[in-house]
Amino acid sequence: MTDILPRDWRAAVLLGRIETADGPTPVLLRDGRLIDISAFAPTTAMALARPDLAAAEGRDLGAVEDMKIATAWGDEGLALLSPLDLQCIKASGVTFAVSALERVIEERARGDAAAANAIRQGLLDRIGGELKDLKPGSVQAEAVKAQLIADGLWSQYLEVAIGPYAEIFTKAPVLASVGAGASVGVRADSDWNNPEPEVVIVCDPAGRPVGASLGNDVNLRDIEGRSALLLGKAKDNNASAAVGPFIRLFDAGFSMDDVRAATVRLEVEGADGFVMTGESSMRLISRDPEDLAAQTLSAHQYPDGFALYLGTMFAPVEDRGAAGKGFTHKIGDRVRVSSERLGVLENIVATCDQAPPWSLGVGGLMRNLAGRGLLGGAA
């Protein structure tokens with residue numbers, strides 16, 4: 001398992017979930033040992049609400065160096081689940097200048113990948129440089145907005161890219177995210193889609209960021225490009241939200257400043273021999289992660305906390321197949337999202353109807369935990 005952990009995993013405190021014979025079980029990885037903390041807190045949401053989490057006691061499951069994880073592509077080992085359970089799963093979009101341009105391109109191409117190249121070049125020539133250095137909601141941003149409206153170039157995506165309000169949406173239902181080693185799903189009726197490698201911050205019930213993980217915010221570009229009102233269909237599907245491998249807790253050795261400085265890398269390797277790599281630098285994000293967390297909290301409450309995908313600057317345009325068609329996934333693609341201090345999240349692409357169905361909801365989890373006698377003393 002150590003090959004998917006942060007580079008400095010021996011100094012980190014990591015929170016995750018595994019599937020045991022009893023059911024989903026929260027675990028803490030600390031000092032090289034994997035510890036079952038289900039008696040301390042039966043869910044990771046409850047664990048993150050406790051200030052004493054980093055020192056939690058539990059049943060020692062062994063040295064992590066002796067463990068391997070099970071994967072959808074055939075490896076046997078520990079079943080590592082998404083580290084999220086009862087947290088609401090939110091995402092922020094258009095948080096990098098390049099992603100803002102790609103959303104405008106999707107909109108103008110009406111989901112047609114073949115039309116995207118010509119539109120892309122025209123927009124880059126006209127507004128690419130202006131967007132890069134703008135602070136959202138600033139006087140300068142409002143001036144650029146006025147000029148773009150006058151030029152007929154304004155878009156709802158530019159509104160959330162440089163306007164005062166961030167785009168925050170629900171990525172997946174509670175308990176529906178998948179973890180490292182699992183299948184990740186794209187709709188069978190999508191023919192223009194891509195991975196989105198991102199940092200995911202996790203917040204406690206008060207909205208305070210308490211840790212971070214990695215995510216793949218699978219994006220169906222053809223469906224969202226037809227209409228922004230199809231965002232739910234483009235984003236929220238079976239197995240379309242991957243998070244993991246663990247949540248790294250903020251402490252003296254790892255803080256939000258490390259998130260701000262992170263580089264998130266992406267590797268896609270297809271069964272057809274296709275290879276694509278890229279990276280996204282959090283230093284180039286347009287909105288600070290703490291501002292995005294505050295905008296998620298906004299006029300809402302999250303009694304079980306929430307997780308927030310922070311967005312990506314990665315938008316692949318390399319052709320895979322016919323010239324001008326751009327990149328899209330093929331079934332069997334291995335997608336590897338990594339960052340030195342957060343580890344490696346690797347998944348294999350399947351269609352949503354072929355990926356294992358989401359079957360354990362809140363009611364089922366509560367019945368399981370009650371049957372295990374874990375709810376009586378839960379915090």
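Author: A word on terms to start: a residue is called exposed when its relative accessible area is over 50%, buried when that area is under 20%, and partly exposed in between. Please keep in mind that this is a predicted model.

Reader: Thanks! Is Ser298 buried or exposed?

Author: Ser298 sits in the loop between α9 (289–297) and β16 (306–309). Its phi is near 40°, a positive value in a residue other than glycine. The relative accessible area of Ser298 is 58%, and the cut-off to pass is over 50%. Therefore Ser298 is exposed.

Reader: And Ala239, buried or exposed?

Author: Ala239 also has a positive phi, about 65°, although it is not a glycine. For background, most residues other than glycine have a negative phi. You will find Ala239 in the loop between α7 (231–235) and β13. Because its relative accessible area is 4%, Ala239 counts as buried.

Reader: How many of the residues of strand β13 are buried?

Author: Strand β13 covers residues 241–249. The strand is largely enclosed by the rest of the structure, because the number of its residues that are buried is nine of the nine.

Reader: Which residue in β13 does Leu214 stand opposite?

Author: Here the partner strand is β11 (residues 209–217), which pairs with β13 in the antiparallel sense over six bridges. Opposite Leu214, the residue in β13 is Gly244.

Reader: What kind of peptide bond joins Gly244 and Pro245?

Author: Pro245 has its place in strand β13. In general, most peptide bonds are trans. Between Gly244 and Pro245, omega is about 0°, and the bond is cis.

Reader: Let's turn to pockets. What volume does the largest pocket have?

Author: In general, rolling a probe the size of a water molecule over the atoms shows where empty space is left. For the largest pocket, the volume is about 590 Å³.

Reader: Which residues of its lining are the closest to the centre of the largest pocket?

Author: The lining is made up of 26 residues. By class, 17 are nonpolar, seven polar and two charged. The closest to the centre are Leu81, Ser177, Val178, Ala182 and Pro356.

Reader: Which strand gives the most to the lining of the largest pocket?

Author: Two strands to look at are β1 (14–19) and β5 (79–81), each of which supplies at least two residues of the lining. With three residues, the strand that gives the most is β5.

Reader: With which side chain does the side chain of Asn219 make a polar contact?

Author: Asn219 lies in strand β12 (residues 219–220). At 0% relative accessibility, Asn219 is buried. At 3.2 Å, its side chain makes a polar contact with the side chain of Glu196.

Reader: How far apart in space are Val139 and Glu65, C-alpha to C-alpha?

Author: Val139 is in helix α4 (residues 139–150) and counts as exposed, at 68% relative accessibility. In sequence, Val139 and Glu65 are 74 residues apart. In space, C-alpha to C-alpha, they are separated by 53 Å.

Reader: And how far apart in space are Arg120 and Ala271?

Author: Arg120 belongs to helix α3 (residues 116–132), and its 11% relative accessibility makes it buried. Along the sequence, Arg120 and Ala271 are 151 residues apart. From C-alpha to C-alpha, their distance in space is 29 Å.

How values were computed:
Residues are numbered from 1 along each chain as its sequence is written. This is a predicted model: local features need pLDDT of at least 70, side-chain atom pairs count only at pLDDT 80 or more; totals for chains, interfaces and linings use all residues. Side-chain values use heavy atoms; hydrogens and water are left out. On a 1 Å grid over the protein atoms alone, a cavity is a set of points where a 1.4 Å probe fits but cannot get out, and a pocket is an open set with protein on both sides within 12 Å along at least five of seven lines; lining residues have an atom within 4 Å of a point. Grid points are joined across faces, edges and corners, and a volume is the space filled by probe spheres set on the points. Helices (H or I, at least four residues) and strands (E, at least two) are DSSP runs, numbered from the N terminus. Ala, Val, Leu, Ile, Met, Phe, Trp, Tyr, Cys and Pro count as nonpolar, Asp, Glu, Lys and Arg as charged, and the others, Gly among them, as polar. Buried means under 20% relative accessible area, exposed over 50%, partly exposed in between (1.4 Å probe, protein chains only). A polar contact is a pair of N or O atoms within 3.5 Å; within protein, one must be able to donate a hydrogen and the other to accept it, and residues adjacent in sequence count only if both atoms are side-chain atoms. Two strands pair if DSSP finds at least two bridges between them.
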